Amino acid sequence: MDNYIKWIREKVGHDMVILNCAGCIIFDEAGRILLQRRDDCNKWGFLGGMVELGESVEETAIREVKEESGLDVKVTSLFGVYSKYFAEHMKPDKAQTIVHMFKAEVIGGKLIDKNKETLELKYFDLNNTPPLFCKQHQDILDDIKSGKEYIYR
């Protein structure tokens, strides 16, 4: 089913729901991390988005990276699952977001300049990243910087 989230919101309005999301951690050959300045809040975060009905979280991560960046990726491992977070950026909609973060490598495509979801894409040195748009994404970045993997929160 396309646009599952819209369908759910038509049923429950702005009430609290649980949303499953997936995203990717992508490094370039210089070891810099790819971040997206998002159109919905004009702030930086990881590439990723919400699972549509019938998709696996891996399929979601790959699709979202392609839609938001133009890059084709191959998932190489699960980095972590971040589940005890509430999406404050989605007002007035209320949601607990469960993010499945994967490590991925670029296998094709071309980095876009911008589109309806992306204002800017940029690779950052891990010691010089901008503040991220929500605590969930900031915790993911902090775990990357600390060398942790296979996280579950």
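**Strands and cores in a predicted model**

Reader: How many bridges join β5 to β6, and which way do they run?
Author: 12 bridges join them, and the two strands run antiparallel. Strands are DSSP E runs of at least two residues, helices H or I runs of at least four, numbered from the N terminus; two strands pair if DSSP finds at least two bridges between them. In β6, Ala104 is opposite Val75.

Reader: Where do these numbers come from?
Author: This is a predicted model, with pLDDT of at least 70 needed for local features and 80 or more for side-chain atom pairs, while totals for chains, interfaces and linings use all residues. Residues count from 1 along each chain as its sequence is written, and side-chain values use heavy atoms, without hydrogens and water.

Reader: What about β1 and β6, parallel or antiparallel?
Author: Parallel, over 10 bridges. Ile25 stands opposite Lys103 in β6.

Reader: Which residues touch the most others in the largest nonpolar core?
Author: Ile25, Phe46, Phe79, Met101 and Ile140, out of 17 residues. Such a core is a set of buried Ala, Val, Leu, Ile, Met, Phe, Trp, Tyr and Cys residues joined through side-chain atoms within 4.5 Å. Buried means under 20% relative accessible area, exposed over 50%, partly exposed in between (1.4 Å probe, protein chains only).

Reader: Which elements give two or more residues to it?
Author: β1 (17–26), β2 (33–38), β5 (71–86), β6 (95–109) and α3 (135–146). Another core, of 14 residues, lies apart from it and includes Leu34 and Tyr123.

Reader: What stands opposite Leu34?
Author: Tyr123 in β7. Six bridges join β2 to β7, and these strands are antiparallel.
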